[in-house]
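Dear colleague,

I am passing on the structure below, and after it I set out what was found. Please read the notes alongside the coordinates.

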Amino acid sequence: MKRKARAIWKGKGIDGSGKMSAQSGAFKDLNFTAKTRFEDDPGTNPEELIAAAHAGCYTMQLSFNLQEAGYVAKELDAECIIEVKDFHVQSSHIVLNAKVEGIGEEEFEKLVRHAEKNCPISKLLDTKISVEYTLNK
């Protein structure tokens, strides 16, 4: 399996602009600039897209872990916060609110930690990764 995305950039760094598109068509020609990345202008940025990918990958990995252990998640709501300092990703922190019936806290934490280390995006990122969670039954 191969997945592709494309970015096209025009102009100088600070004054230039770009567009990003995904092979699947899930997004096409998303605008990004230095101001969407380093300030709060409308548009997206690479870190935001990485955060979305990490949150999605993590919840899917955890759902597979739960299934393998005999549980079904009613809902896994994950917010991923990417921290960048000096143009280097420092950490990726996931805040998870989970609704899973019948699972004990200890077993759930074991599955959470497995997903934290083993979802493909966690493995890809060369940074500190952490997860805090709330389990609602």
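The chain contains four helices and six strands, and, read along the sequence, these follow the pattern β-β-β-α-α-β-β-α-α-β. Please keep in mind that this is a predicted model, and that the values below are all computed from it.

As for overall dimensions, the C-alpha trace spans about 55 × 30 × 25 Å along its principal axes, and the accessible surface of the chain comes to about 9300 Å², with 50% of that area belonging to carbon and sulfur atoms. Of the 137 residues in the chain, 34% are buried, and among the contacts between residues at least 6 apart in sequence, 50% join residues at least 24 apart.

The element described in detail here is helix H3, which covers residues 105–118 and, with its 14 residues, reaches 20 Å from its first C-alpha to its last, close to the 20 Å expected at 1.5 Å a residue. Its buried residues are Phe108, Leu111, Val112, Ala115 and Glu116; because they cover an arc of only 145° around the axis, they sit on the same side of H3. These buried residues pack against helix H2 (46–68), strand S5 (88–100), helix H4 (120–124) and strand S6 (128–136), whereas the face of H3 turned away from the buried side carries Glu106, Lys110 and Lys117, which are exposed.

Methods
Residues numbered from 1 in each chain as written. Predicted model: local features only at pLDDT ≥ 70, side-chain atom pairs only at ≥ 80, totals over all residues. Heavy atoms only, no water. Helix = DSSP H or I, 4+ residues; strand = E, 2+ residues; numbered from the N terminus. Buried < 20%, exposed > 50% of the residue type's maximum accessible area, 1.4 Å probe, protein only. Contact = heavy atoms within 4.5 Å. Areas by Shrake-Rupley, 256 points an atom, 1.4 Å probe, with all protein chains shown as cover. Expected span 1.5 Å × (residues − 1). Arc of directions from axis to C-beta.
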